[in-house]
Amino acid sequence: MAPGHGQCTSVTALPSSAAQLALTMVSVRPAGPDDVGAMLPVSRLIADSNVASPVFAYVDQSFYDDLRPSLLETLEDDTVSVWIAENATEVLGFVAVRPVPVDEGSMLKPAGTVELIVAATLPKVRGTGIGRILCERALADSAAQGLDVCVIDWRAASLTASVFWPRRGFRPT
């Protein structure tokens with residue numbers, strides 16, 4: 001990341017297969033519109049985290065007001081793949097990816113790559129491997145579709161993101 005920039009855009013090569021789910025009592029599966037209610041507590045975590053130290057980002061109330069319809073729109077979008085990790089009682093985390101369309105391609109997000117739109121896990125399960133497994137599953141699925149590079153960006157001041165993503169092989173561009 002260049003000094004003075006608030007966003008870190010990174011890339012990684014996609015794996016050839018997903019890791020086996022080694023966590024007991026947790027399943028990973030594609031999400032659908034019926035999952036929107038269970039996903040809401042997790043989907044607000046990034047914004048909640050970014051308003052706090054050290055990021056101090058402004059998040060307007062309208063973001064939270066629009067969260068359910070926006071998440072539902074994502075879940076209904078055939079170009080977006082959303083994967084969730086859950087146990088018997090709740091969604092523990094999720095990840096959403098989509099191929100970058102030709103008309104949206106840029107130097108930072110070239111057409112023909114996959115964009116990791118969002119990923120989040122509940123704080124109580126961080127460090128258990130759930131985030132890693134979700135990302136591996138989503139990226140392996142993208143690789144199976146013929147894509148070979150994933151792009152992502154995050155707020156550089158987010159300590160959680162700035163540790164997690166480089167450990168997944170993402171390197172700043």
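A residue counts as buried when its relative accessible area is under 20%. By that cut-off, 40% of the 173 residues in the protein chain are buried. Keep in mind throughout that this is a predicted model.

**Whole chain**

Start with everything selected, drawn as a cartoon. The protein chain has six helices and seven strands.

Now switch to the C-alpha trace. Along the principal axes, these atoms fill a box of roughly 45 × 40 × 30 Å. The radius of gyration is 16 Å, which agrees with the value near 16 Å for a compact globule of 173 residues. Take the contacts with a separation of 6 or more: 70% of them join residues 24 or more positions apart.

The accessible area comes to about 9,400 Å². Carbon and sulfur atoms hold 55% of that. Then color by charge. There are 13 positive and 19 negative charges, and their mean positions lie 10 Å apart.

**The core**

Hide the surface and go inside. In soluble globular proteins, nonpolar side chains tend to be buried together. Here the largest nonpolar core has 43 residues. Select M39, V82, V95, L116 and W165, the members that touch the most others in this core. Next, highlight the elements that each give two or more residues to it: helices α1 (36-43), α4 (67-76), α5 (130-144) and α6 (159-167), with strands β3 (81-86), β4 (91-99), β5 and β6 (149-155).

Center on L116. Which residues does L116 touch, leaving out those up to four places away in sequence? They are V95, A96, V97, C135, C150, V151, I152 and W165. Two of these names, V95 and W165, were also in the previous selection.

Select residues 114-121, which form strand β5. Stop at T121, a residue of this strand. Is T121 buried or exposed? T121 is buried, because its relative accessible area is 11% and the cut-off is under 20%. Show its contacts beyond four places in sequence: V42, L45, L92, G93, R126, I130, G131 and L134.

**Strand β7**

Finish at residues 171-172, strand β7, where R171 is found. Beyond four places in sequence, R171 touches T9, S10, V11 and T12.

Notes:
Residues numbered from 1 in each chain as written. Predicted model: local features only at pLDDT ≥ 70, side-chain atom pairs only at ≥ 80, totals over all residues. Heavy atoms only, no water. Helix = DSSP H or I, 4+ residues; strand = E, 2+ residues; numbered from the N terminus. Buried < 20%, exposed > 50% of the residue type's maximum accessible area, 1.4 Å probe, protein only. Contact = heavy atoms within 4.5 Å. Rg over C-alpha atoms; globule rule 2.2 N^0.38 Å. Areas by Shrake-Rupley, 256 points an atom, 1.4 Å probe, with all protein chains shown as cover. Lys, Arg positive; Asp, Glu negative; His and termini not counted. Charge placed at Lys NZ, Arg CZ, Asp CG, Glu CD. Core = buried A, V, L, I, M, F, W, Y, C linked by side-chain atoms within 4.5 Å.
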